[in-house]
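Good morning, and thank you for coming.

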Amino acid sequence: MGIVAGLDSSSDSTRIVVCDADTGAVLRQGHAPHPIEPKATEVDPQAWLLSLGEAAGGGLLEGVQAIGVSAQGHALVPLDAQGGLVRPALVGNDKRAQVAAADLVEALGGRQAWAEAVGTVPAAGLPVAKLRWLARSEPEHSQRVAMILQPHDWLVWQLLGRPARRTTDRGAASGTGYWSARNGSYRPDLVELALGHQAVLPEVLGPAEAAGTTPEGLLISAGTGEAMAAALGLGLGVGDAVVSLGASGSVMAVHHEALADPDGTITAFADAAGMHLPVVHTSNAVRALRGTAEMLGVESLDELSALALKSTPGSSGLVLLPYLEGERTPHLPHTAGTLSGLRRESMKPEHLARASFEGMLCSLADAMEVLRRRGVEVRRVFLLGAAAGLPAVQAIAPTVFGAQVVVPQPADYAALGAARQAAWALGVSQGTLSPSVPPAWQGAAAQVFEAGEELAVGQAVRQQYAATRDQIHPGAFTS
């Protein structure tokens, strides 16, 4: 069918993969950092274009027929009536909108009202909260805002030559706080609640639709958010979940419907393939491992992993509730972590090391249980993040999650997902692919781990953890 490309504009760089449209085989790759300050909370979007141009240098895109774009989520690009930038884009790590988010929750009538309206409860990262912050903190700027885009929307618009039509996709739209994945529609009233007035919102395209064609004849697919593109690049389907191991953690799974969650524990994202991606977040994941390593005087997580494997399942009775920064799941924002089960025989470094791994993974299993209780099937768990490669994680995770665990080889999965979307849109435009089924590309190369005969042991660890959690925080984690 030809050659396609996918680009991922993350928070710090642009990555491009050029792929065979039929098989997904990677033919060429490019990468360039964004010319911005590290951890910047405000960014001139031109930096994304400069990075894109550098990453695509040297004829990287020669022969490419279609491009897909993925980009960082939870960012706001405010434009005036002429399409000019009102102020620098507010990106995901900007936490100034925390008070604004709380104000919005109260203004609509609480967490349940937001969960029912759009499937998500405002937090500082969401564009809807950034709009509220803009209206309260920079009224002269907010009054000029006539159109609202996200980074992937803005990049697609630039690649197409800034046409009158602006577009997005359902995956990215579901992360705004003013589009409902369940209803498939915007809530303009929530934009007005946040900003103080209405603004034009981009048209939401279907998964296989094209945003347009450049004057040179290059097809641009709908694009999507970074998490949704990664799911498409990994080849996730029903029965698959992704556990992300960062400082904090998350569990997302492919499901056939958006889940209306009364207390907002589940965030109802849409995916890039016509399905849904319910997500449950935890405030603590690898930060619990790093804290334990510092406490024990261990220099690296690799050493902590090796130490943990000298212990036995259950950590000689030690249980770590890893709520070091408060916790989102269960909802305990002001609590602290707890180390329980201290006895003379358990007060050894290897037991504390293992308890940190078991505590982190049991906490994420709690998040997964929230989804399972709502009917989400989880047969296979993809582990992402640098900590996924630690032997202790790979040994404990299958038994605690009660599922096959897949650790994909490092790759630019968001860029691969964007390329797969581009191949899909190209095939539909040529009449060779169905708009309801993405191209069948080869899945990610990965290591696979099974619980096997240790499943019962892992479930005993879960029960020990749950008993401690319920004793210390009774009623916090209920159905």
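This is a predicted model: local features need pLDDT of at least 70, side-chain atom pairs count only at pLDDT 80 or more; totals for chains, interfaces and linings use all residues.

In which loop does Ser 315 lie? Ser 315 lies in the loop between helix H11 (301-308) and strand S20. A word on these labels: helices (H or I, at least four residues) and strands (E, at least two) are DSSP runs, numbered from the N terminus.

Residues are numbered from 1 along each chain as its sequence is written, and side-chain values use heavy atoms, with hydrogens and water left out.

Let us return to Ser 315. Its phi is positive, about 55°, although Ser 315 is not a glycine. Ser 316 is found in the loop between H11 and S20, and the phi of Ser 316 is near 55°, again a positive value in a residue other than glycine.

Now the overall picture. The protein chain has 15 helices and 24 strands. The radius of gyration of the chain is 23 Å, close to the 23 Å that the globule rule gives for 479 residues, so the chain is as compact as a globular protein of that length. This radius is taken over C-alpha atoms, and the globule rule is 2.2 Å times the number of residues to the power 0.38. Along its principal axes, the C-alpha trace spans about 75 × 50 × 40 Å. Buried residues make up 56% of the 479 residues.

Which strands pair with S17? Two strands count as paired if DSSP finds at least two bridges between them. Strand S16 (residues 239-245) pairs with S17 in the antiparallel sense over five bridges, and a hairpin through three residues joins S16 to S17. Strand S19 (residues 276-282) also runs antiparallel to S17, joined to it by four bridges. Val 251 takes part in both pairings: it is the bridge partner of Val 243, and it stands opposite Val 280 in S19.

Gly 264 is buried, with a relative accessible area of 11%. The C-alpha atoms of Gly 264 and Arg 111 are separated by 6.1 Å, although the two residues are 153 apart along the chain.

A second hairpin is formed by S2 and S3, with five residues between them. Strand S2 (residues 13-20) and strand S3 (residues 26-33) pair in the antiparallel sense over seven bridges. Thr 14 has Ala 32 in S3 as its bridge partner. In the turn, Gly 24 has a positive phi of about 85°.

Among the helices, consider H13 (residues 391-401). Nine of its eleven residues are buried, so H13 is largely enclosed by the rest of the structure. The buried residues include Val 393, Ile 396 and Phe 401. Gly 402 follows H13 and has a positive phi, near 65°.

My last topic is aromatic rings. Rings of Phe, Tyr and Trp (its six-membered ring) pair if their centres lie within 6.5 Å; planes under 30 degrees apart count as stacked, over 60 as edge-to-face and the rest as tilted. A search of the whole structure finds two aromatic pairs. One of them is Trp 48 with Trp 154, an edge-to-face pair with 6.0 Å centre to centre and 80° between the planes. This pair links distant parts of the chain: Trp 48 belongs to helix H1 (residues 46-55) and Trp 154 to helix H6 (residues 151-159), 106 residues apart. Both Trp 48 and Trp 154 are buried.

Thank you for your attention.

Terms used:
Buried means under 20% relative accessible area, exposed over 50%, partly exposed in between (1.4 Å probe, protein chains only).
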